[in-house]
Amino acid sequence: MILARRLSKERPNDGILLNACCPGWVRTDMAGPKAPKSPEEGAITPVYLALLPPGAAEPHGKFVSDKEALSMILARRLSKERPNDGILLNACCPGWVRTDMAGPKAPKSPEEGAITPVYLALLPPGAAEPHGKFVSDKEMSTRVAVVTGGNKGLGLAIVRALCGQFQGDVYLTARDYGRGQEAVEALAKEGLKSFFQQLDIDDLSSITTAAAFFREKYGGVDVLINNAGIAFKNADTTPFAVQAEVTLKTNFFSTRDVLTHFLPLVKAGGRVVNVSSFVGVRTLNGCSPELQQRFRSPELGEEQLLALMQSFVEQAQRGEHLQNGWPQTAYGVSKTGLTALSMILARRLSKERPNDGILLNACCPGWVGTEMGGSSAPKSPEEGAITPVYLALLPPGAAEPHGKFVSDKEVQTW
Ligand SMILES: NC(=O)c1ccc[n+]([C@@H]2O[C@H](COP(=O)([O-])OP(=O)(O)OC[C@H]3O[C@@H](n4cnc5c(N)ncnc54)[C@H](OP(=O)(O)O)[C@@H]3O)[C@@H](O)[C@H]2O)c1
């Protein structure tokens, strides 16, 4: 364990895994003929550890028992032989629990010890992870909040507020490693502890890497705030066709990619906040009656919405968006789409995970003095963070708001 810790510290990017293991009680000269396992059976755990697949991050610095290794091997066999059955098989550690076995000094009650096994037993239908993992009690019970575009502006103010108010680990994510690390260090100077994870929402592999990281380390996420976004300045002379494509890519399609990969990871009781804008509502009101009706329809599905947003981009490229009922604002349309998407995904969550109590909302932070909002904006980033943070910290058991557009902590008409 000492050597594994040193490897992690000194060669953090080398992906070396170092573990100790127990082969079980094996019939060898050392253990004698009464041992229940053959040498072949005893070899299973060491060989399993020697052949952990490339890219695996765990186990590392662990003592792996033969039972644990066997769980992992069996999980792999299940995936191979019954790939469509969705069975999840994991090993776990309940922590050190006050039972007859561990004695009265153990810090955890049996109820606390039950948390990780019960969490694994009740993974929601359709969940694909964790599977074939060793799930430790510590990480599973640490709550985690993730903010996209956290290195500056509103995102940084949201991270700062969460550091003070969220009970758990707060992740500042950013597309640029240096800018993200700098922001984490700046918060540290204020006495606030945050963690960094690279996440460029325009890069699918960055999204899947980050999702895998949170799944492996924490078993999912508790709070996700989709804050990352872009806007062309009014004075920008980039052709509207390009502005439409680029703006919708980040604000709508890439944010949707994050949601696609992270929503299955959101734990029961989780909170998801999509930072949209009042501009999206104003834009909706400026659309043709037919478009308004489609956006507001409770029947609108995700695929239909994607097609609608794609049609805006294509019509803008042909210079036909105005005649097809769209207003002249790429940013506005991107946020109309994000709010509509939030409503669709909230409806789906209610249908597919009705007992998980997850609340998903879109919001407007107000007009905020950031690089995007400019210096005339009336709200500071800290004031802008109030509504997103309020939605991220809705108390356990709250049933509302869900699938709403919220501003100044109030549900707004859509
Ligand atoms: N400011 C306002 O008045 C206002 C009003 C309503 C809604 N909003 C919304 O609030 C959110 C934050 O805006 P802001 O005012 O704080 O803007 P900002 O100061 O320009 O910050 C935008 C953040 O998003 C990040 N970002 C952009 N593209 C990204 C990508 N592909 N992957 C990851 N991060 C990316 C930026 O990272 P880089 O530093 O690397 O560029 C930056 O951290 C946006 O969604 C915006 O639409 C703002």
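Me: Where is D408 found?
Reply: D408 belongs to the loop between β11 and β12 (410–411). Helices (H or I, at least four residues) and strands (E, at least two) are DSSP runs, numbered from the N terminus.

Me: And how are the residues numbered?
Reply: Residue numbers start from 1 along each chain, as its sequence is written. This is a predicted model, in which local features need pLDDT of at least 70 and side-chain atom pairs count only at pLDDT 80 or more, whereas totals for chains, interfaces and linings use all residues.

Me: What is the phi of D408?
Reply: D408 has a positive phi of about 45°, although it is not a glycine. Most residues other than glycine have a negative phi.

Me: Is D408 buried or exposed?
Reply: D408 is exposed, with 12 other C-beta atoms within 10 Å.

Me: Changing topic: which residue does a cis peptide bond join to P401?
Reply: That residue is E400, and omega of the bond is about -10°. P401 is found in the loop between α17 (386–392) and β11. The peptide bond from E129 to P130 is also cis, with omega near -10°, and P130 sits in the loop between α6 (115–121) and β4 (134–136).

Me: Now α12. Which of its residues are buried?
Reply: In α12 (residues 278–285) the buried residues are G280, V281, T283 and L284. Seen down the axis of α12, they fall within an arc of 160° (taken from the directions from the helix axis to the C-beta atoms), so they line one face of the helix.

Me: What covers them?
Reply: The cover includes α13 (289–296), α15 (330–352) and β11 (405–407).

Me: At what angle do α12 and α15 pack?
Reply: The angle is about 100°, and the axes are 7 Å apart. Axes are lines fitted to C-alpha atoms, for helices over the stretch in contact, and angles run from 0 to 180 degrees between N-to-C directions. α12 and α15 are therefore roughly perpendicular to each other, a term for angles of 65 to 115 degrees (under 35 is roughly parallel, over 145 roughly antiparallel, the rest oblique).

Me: Which residues make that contact?
Reply: V279, G280, R282, T283 and L284 of α12 meet Y331, G332, V333, K335, T336, L338 and T339 of α15. Two residues are in contact if their C-beta atoms, placed from the backbone, lie within 7 Å.

Me: Last topic: which residues come nearest to the ligand?
Reply: G149, G153, G229, T370 and G373 come nearest, of the 31 residues around the ligand.

Key
Buried ≥ 20, exposed ≤ 12 C-beta atoms within 10 Å, placed from the backbone. Near = placed C-beta within 6 Å.
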